Amino acid sequence: MKTTLKIPAPLLQTVRTDLARRHAFAYERVGFMTAGACWQTDGTLLLVAAGYASVEDEHYERNSRVGAEIGTRAFRSALQTAYASSKALLHVHSHDRQDVPSFSRVDLASGSQFVPGFFSTIPNMPHGMLVLSDTHATGLVWHRADERPVYFSRIVEVGASLKTIGGAP
């Protein structure tokens, strides 16, 4: 199933700016994006990013083996926001570079544990994770908790003009 993610340019800039901030002990920042979902006439599932929530400093946990680890309060807060607006939830972080980013083994392993849990709170929406670089994005989406994730077919920055910034590897 093809899935496209569209992100308004101002929202994407907000996300990149937030993720670029330094943290007292975490090596990277993470956040959560919410998105509406609808079916297009060609059968593609379209997600349109609607909001972003930064993870508060006190919700990070010390763990020198990973770039960032967040606790249950961060997940609970993001899930409450997505639930209240009936939106999909996407875990977001960045890898500082100019090319197409990819998920690390840790990203894939941890994401496969926590993303399916989003369906317990918001069962009728797809959920996923996104990794950004300075110029591109890569993302995985779960259509159901009991299915394997697939890469977004396209990730599009929507501004004065459309700009494709990612897709299936």
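This section describes the overall fold and the salt bridges of a predicted model.

The chain contains three helices and 11 strands, arranged along the sequence in the order β-α-β-β-β-β-α-β-α-β-β-β-β-β. Its radius of gyration is 15 Å, close to the 15 Å given by the globule rule for 169 residues, so the chain is as compact as a globular protein of that length. Along the principal axes, the C-alpha atoms occupy a box of roughly 45 × 35 × 30 Å. Of the 169 residues, 47% are buried. Where contacts link residues at least 6 apart in sequence, 62% of them join residues at least 24 apart.

Four salt bridges were found in the whole structure. One of them joins Arg 29 and Asp 57, with an N to O distance of 2.7 Å. Arg 29 lies in the loop between helix H1 (9-19) and strand S2 (30-39), and Asp 57 in the loop between strand S3 (45-54) and strand S4 (60-61), so the pair ties together parts that are 28 residues apart in sequence. Arg 29 is buried at 2% relative accessible area, whereas Asp 57 is partly exposed at 39%.

Asp 18 and Arg 21 form another salt bridge, their closest N and O atoms being 2.8 Å apart. Here Asp 18 is buried, at 10% relative accessibility, and Arg 21 is partly exposed, at 38%. Arg 144, Asp 146 and Glu 147 are linked in a salt-bridge network, within which the closest N and O atoms of Arg 144 and Asp 146 are 2.7 Å apart. Asp 146 is exposed, with a relative accessible area of 58%, and Arg 144 is partly exposed, with 45%.

Conventions. Residues are numbered from 1 along each chain as its sequence is written. This is a predicted model: local features need pLDDT of at least 70, side-chain atom pairs count only at pLDDT 80 or more; totals for chains, interfaces and linings use all residues. Side-chain values use heavy atoms; hydrogens and water are left out. Helices (H or I, at least four residues) and strands (E, at least two) are DSSP runs, numbered from the N terminus. The radius of gyration is taken over C-alpha atoms; the globule rule is 2.2 Å times the number of residues to the power 0.38. Buried means under 20% relative accessible area, exposed over 50%, partly exposed in between (1.4 Å probe, protein chains only). Contact means heavy atoms within 4.5 Å. A salt bridge is a side-chain nitrogen of Lys or Arg within 4 Å of a carboxyl oxygen of Asp or Glu.
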